[in-house]
Amino acid sequence: MAAYIELVIDQGTTFNNIINITDDVTNAAVNVSGYSFESQIRRSYYSANITANITCSINNAANGEVTMNMTAANTANIKPGRYVFDVKSTDTFNVVNRILEGIITISPSCTR
């Protein structure tokens, strides 16, 4: 089952969030060598259109450390409000898991 989190992104700023992937039973770090990750933001779970993609990159495979990232230019293009997101992993056997899900709130910016 995916972990749940609520995040806030300031519109027009760089967004980074580090995920530490651990085993549900032992709480030990999962080696994510060879894994791929993807993440999307949508207005609702039922929205056909993607609001934005979040880039996910492995920082430390042996320790299960993955960074979610969006550039300032990308966050500037998202209208303020509440959105849903998730992060999915695909392992070396092509098994897909949802590892993180939740709400992202885009906070408006007044500086242009």
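Modeller: In the second largest pocket, strand 3 provides the largest share of the lining, five residues; strands are DSSP runs of E, at least two residues long and numbered from the N terminus. This is a predicted model, in which local features need pLDDT of at least 70 and side-chain atom pairs count only at pLDDT 80 or more, while totals for chains, interfaces and linings use all residues. Residues are numbered from 1 along each chain as its sequence is written, and side-chain values use heavy atoms, without hydrogens and water.

The second largest pocket holds about 220 Å³ of space, and among the 13 residues that line this pocket, Gln40, Arg42, Phe85, Asp86 and Lys88 are the closest to its centre. A pocket here is an open set of points on a 1 Å grid over the protein atoms alone, where a 1.4 Å probe fits and protein lies on both sides within 12 Å along at least five of seven lines, and lining residues have an atom within 4 Å of a point. The volume is the space filled by probe spheres set on the points, which are joined across faces, edges and corners.

At least two lining residues come from each of strand 3 (36–42), strand 6 and strand 7. By type, the lining of the second largest pocket has six charged residues (Asp, Glu, Lys or Arg), four nonpolar ones (Ala, Val, Leu, Ile, Met, Phe, Trp, Tyr, Cys or Pro) and three polar ones (the others, Gly among them).

For comparison, the largest pocket has a volume of about 420 Å³, and its lining is made up of ten nonpolar, five polar and four charged residues. Strand 7 contributes the most to the lining of the largest pocket, with four residues.
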